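I opened this notebook to keep track of what I looked up. The structure comes first, then the entries.

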Amino acid sequence: MTSPNDLKFEELEDAVQLLSADPAASTLSMSVSHAPSSPAGGPDVKVDLSEDEQAQEESAELLGGQKQGGGFWTFEYYQSFFNVDTIQVLERVRGSMMPFPGRSFLKHYVRTSPDLYGPFWICVTLVFSMAISGNLSTFLSQTGNPEYHYRPQFHRVTIAAAVIFIYAWLVPVALWGFLTWRRRAERQIGVFSFLETVCVYGYSLFIYIPTSVLWSIPVQWLQWILVLVSMGVSGSVLVLTFWPVVRDDTKVMAAATLATILVLHTLLAVGCKLYFFQASEKLAPSPTSKPIHASATTGFL
Amino acid sequence: MAAEEEASRPFAGLSDVSISEDIPVEGDISVPVGPSRTDEEFSTLDEPVKETILRDLRAVGNKFIHVLYPRRSSALLRDWDLWGPLLLCVTLALLLQDGTADSDLEGGPQFAEVFVVVWFGSIIITLNSKLLGGTLSFFQSLCVLGYCILPLTVAMVVCRVVLLAAPGTVSFVVRLVVVTASFGWSTFASTAFLSDSQPANRRALVVYPVFLFYFVIGWMVLTYFPVKNRQP
């Protein structure tokens, strides 16, 4: 792509931000004002913007304040969160595994219709894949041991469920609340809805499913490489999504927000790896070494 | 039993019409076909208890046969009942007891855990398919999912017998084959009933949770390892 087109894409981003702040505003005249005044590029810019405007207006209306199909006590309200096709879910999953810099997962894949199907079933699958692979890795690492008796360790399912569902549903709540409070305090634009935050977090966890299957191979250095790779991929999905929202804030708050997102994500990955996949010489896996998980899970034991 | 019911209905002449795929099976089934016809109502009070129980057992058994030989029929959907799933769930949970004490956390699933996995799993899958636009009613879906656990329960019985006979690698291979086959059977049987009621572009989204459900139950069956069988 040539540089004038890059500039036009930047204008598109600005236009989108302006539009989501005030969907009713007339847009054609405002958004073309910063474009480079080349007659050949002018009509192109207008056409692109108008198409995007209509799409963004529709989605801003859908996501902004309007009720989605009835009150929250009706079934149709929740059906609107499951308005996805197989192909869309597969596309979103693929997009979460291949983050490109400059392309926010949210804007590219999810903006039209965030769904709850992906996050929920990815979490459920992750719970069982962690528990099953952890059991398998314990078995594989102890096969040579004559004193080892195979145990199914079903309690790991409960623990994995608690940890993963808390991470995938409470952390987005906290993040969304924090971002909304900052937006209101700073009067900035471009806040994500709660559903979109949950959606991004849910889909970013997908990379851990094949990672957890591979973690069952009881080789330490391979496991740590996998930790780094999966943390890199899913962390970058999160950072690339939230960076455009956060960069308008003060530098300190922006850095702190992103750092918190990454730290929590790291804790999840490393904690799960250490708790479920101990390729150690100990006979029975001892309770977790991570204090956060211990405090979160003692209630369930 | 079915022939008598058909004959006493006003549409007796249509009893040989099978329900084809393009007639959507949906809606509110309020009363399963049972002793609610006026000409027999007086007799259900007078009939022996054995007869009453046997009628329900025959209905359950009939549905078992439909699960074991899944073919294009609507017995599970039209006359749903939840006795069969309850029976299967209790049997499976009892068979999965491996003799660990309550304080031993490392063992297999407790009785309550099996119950929770089966029933909450079925409820969540049913809600999922309804939210995605399915046309089956809530209880029809629960009925189908519950009845299709039958192959895995049969596999559990086989696994326990195999473990009694020959613990070791050979038994593991045999159990693996049996559990894999019955898992495939369960998934195939339930999707045969469930997938028709879904819009075509979301079929995979509905089938995947069913696959996961029977996979988890299959894993519980496969990893069953009684404490008493420990090699000294």
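How do H7(A) and H10(A) lie to each other, roughly parallel or roughly antiparallel? The model is predicted, with local features needing pLDDT of at least 70 and side-chain atom pairs pLDDT 80 or more, while totals for chains, interfaces and linings use all residues. Residues count from 1 along each chain as written, chains are lettered from A in written order, and side-chain values use heavy atoms without hydrogens or water.

Entry one, a helix pair. I looked up helix H7 (residues 117–141) and helix H10 (residues 208–215) of chain A, and found an angle of about 10° with the axes 8 Å apart. H7(A) and H10(A) are therefore roughly parallel to each other (angles under 35 degrees count as such). Axes are lines fitted to C-alpha atoms over the stretch in contact, and helices are DSSP runs (H or I) of at least four residues.

Entry two, the two chains. Chain B gives 33 residues to the contact and chain A gives 28 residues. I noted a buried area of about 2,900 Å², with 66% from carbon and sulfur atoms (accessible area, 1.4 Å probe, lost on being put together, summed over both parts). Glu106(B), Leu131(B) and Trp219(B) supply 26% of what chain B buries against chain A, more than any other three residues.

Entry three, the salt bridge. I found 1 salt bridge between the chains (a Lys or Arg side-chain nitrogen within 4 Å of an Asp or Glu carboxyl oxygen). Asp85(A) pairs with Arg202(B), with the closest N and O atoms 3.3 Å apart.

Technical notes. Contact means heavy atoms within 4.5 Å. Buried area is the accessible area (1.4 Å probe) that two parts lose on being put together, summed over both. Axes are lines fitted to C-alpha atoms, for helices over the stretch in contact, and angles run from 0 to 180 degrees between N-to-C directions. Helices (H or I, at least four residues) and strands (E, at least two) are DSSP runs, numbered from the N terminus. Angles under 35 degrees count as roughly parallel, over 145 as roughly antiparallel, 65 to 115 as roughly perpendicular and the rest as oblique.
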